[in-house]
Amino acid sequence: MRRVHVQTVSFANIAITIALAIVCAILFWQGRAQFDVLQQATEAYISCENDAQQIQDRSDYLTEQVRLVTMTAKPEYIDNYFSIANSNEQFDEAFADLKSRFEGTDAYDSLRTAVDESNELMNTEFYAMRLICEANDIDPSPWPEIASCQISDEDSRTSHDSMIYEAQNLVSDSKYQEAKDSINRNTSDCIAKVTEATMGSQSRATSVFDGIYSAIGACVAIYIALALAICELARRTVVKPLLNFGNSIKTNQLFPVQGAGELQVLAETYNRVFTENEATHMIVKHQAEHDPLTDLLNRGSFDKALKLHDDGKHDFALILADIDQFKSVNDTYGHAVGDQVLKRVSSLLQVAFRSTDFVCRIGGDEFAVVMVDVNSALQYTIQEKIDFVNKELSKPIDGMPQVSVSAGAAFADRPNPGDSIYKDADDALYHTKENGRGNCSFYGEF
């Protein structure tokens, strides 16, 4: 199975996150740009509606004032008329704004036509007011536009009442009204076309926004899925293996090789070190518990084994033994041969006793055996074992001299126990040495 490495997953996560961030940034930029377009279109629509309404209101106001002039012949209405007609700054700003936004479009053409028609209609209104001034003996000089109008010969020959009637008819007949309707129609057409264009921009923006929102939603969904996948991956490849590693440490076991590649490498390294340490520990422990020459348990191990069994709850026997006249062997044959003799006695003791018994070397040529699960009824078994060892030692082998062992044994259930089972076994050993050696004595029988 291919290993999953946390570092690889981390790099992939960073790459995907950066890619998603770039996509979201692009989408945000597109959305912002589209929002600006929509905002500009909306501002243009509002501006167009306001400017067109202003132009239309101006035309309607002038019409209202000129009709009041023809009805009342009051100069203040003429003043009102020209106060608006000559205040071109606001009108020019409105028209310039429309021109900058919509020049070259059908909306601008419609508005341009409305303005031209309005200006043309003003000439009719000037002439009507000139007739009113003439009929009512009002000096037109304060209003240059009126004063510059020349009354036709036909109108100049009519009566004053006819002039007034003609003036009223000029600003209220069907021709005038048709001109007014045309102005209003072109103004409304301008607004309608701008509205249509604005709605188109809004529709396109809505479509773009829908796409952007869908894409952002997809990015968010991908990121959430990625986050969940990483959490699950971390749980399976990092958290769970780490918990298992902790349990392995508690139970002093090898790590299971699982999880992310880095953790598998860690587990393999730990297991190798653990195995090496276990082997080293076993060697060190063996060395600490065993005699280096004979490989029997040493004095420390003997003390632990005796303490463990000598609690009044276990049946066991303690056998103490040593090699007879061992000093003379060393003096006659040398310590190398003496070591070989020690090894042979140790080997025979291990063969004679069970693997569950504790066979120990507790001093130079001194040996001890903690024989477990036996009582005084099995005394003969110990005797047979010591006899076996002595019989084998009587046979010459590899140039080694014949030797024998003397032994003393004490049982946990011995009658009339002394101060300790060790002292009682030692007394039995002393009895053997005092009575011919090469045999085994039992405490309580001498």
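The largest cavity holds about 40 Å³ of space. This is a predicted model. The structure has one cavity of 30 Å³ or more.

**Stop 1: the cavity lining**

Select Ser59, Leu62, Thr63, Ser118, Leu121, Met122, Glu125 and Ile183; these residues line the largest cavity. Now color by element. Helix H1 (6-72) and H4 each supply at least two residues of this lining. Which helix gives the most to the lining of the largest cavity? H4 does, with four residues.

**Stop 2: H4 against H8**

Next, select residues 106-135 for helix H4 and residues 174-250 for helix H8. Look along the pair. The two axes come within 8 Å and cross at roughly 160°. That angle is over 145°, so H4 runs roughly antiparallel to H8. The crossing of H4 and H8 is left-handed.

Show the side chains where the helices meet:

- On the H4 side, pick Asp106, Ala107, Ser110, Leu111, Thr113, Ala114, Glu117, Ser118, Leu121, Thr124 and Glu125.
- On the H8 side, pick Tyr176, Ala179, Lys180, Ser182, Ile183, Asn186, Thr187, Asp189, Cys190, Lys193 and Val194.

How do the residues of this contact divide? The contact of H4 with H8 has nine nonpolar, seven polar and six charged residues.

Keep Ser118, Leu121, Glu125 and Ile183 highlighted. They take part in the contact of H4 with H8, and they also line the largest cavity.

**Stop 3: the largest pocket**

About 250 Å³ of space lies in the largest pocket. Select its lining: Glu117, Glu120, Leu121, Thr124, Leu170, Asp173, Lys175, Tyr176, Glu178, Ala179 and Ser182. The elements that give two or more residues to this lining are H4 and H8. H8 gives the most to the pocket lining, with five residues.

**Last stop: Leu121**

Leu121 lines the largest cavity. Leu121 is also among the H4 residues that meet H8. Leu121 lines the largest pocket as well.

Conventions. Residues numbered from 1 in each chain as written. Predicted model: local features only at pLDDT ≥ 70, side-chain atom pairs only at ≥ 80, totals over all residues. Heavy atoms only, no water. Axes fitted to C-alpha atoms, helices over the stretch in contact; angles between N-to-C directions. Parallel < 35°, antiparallel > 145°, perpendicular 65-115°, else oblique. Left-handed = near helix turned anticlockwise from the far one by under 90°. Contact = heavy atoms within 4.5 Å. Nonpolar A, V, L, I, M, F, W, Y, C, P; charged D, E, K, R; others polar. 1 Å grid on protein atoms, 1.4 Å probe; cavity = no way out; pocket = protein on both sides within 12 Å on 5 of 7 lines; lining within 4 Å. Points joined across faces, edges and corners; volume = space filled by probe spheres on them.
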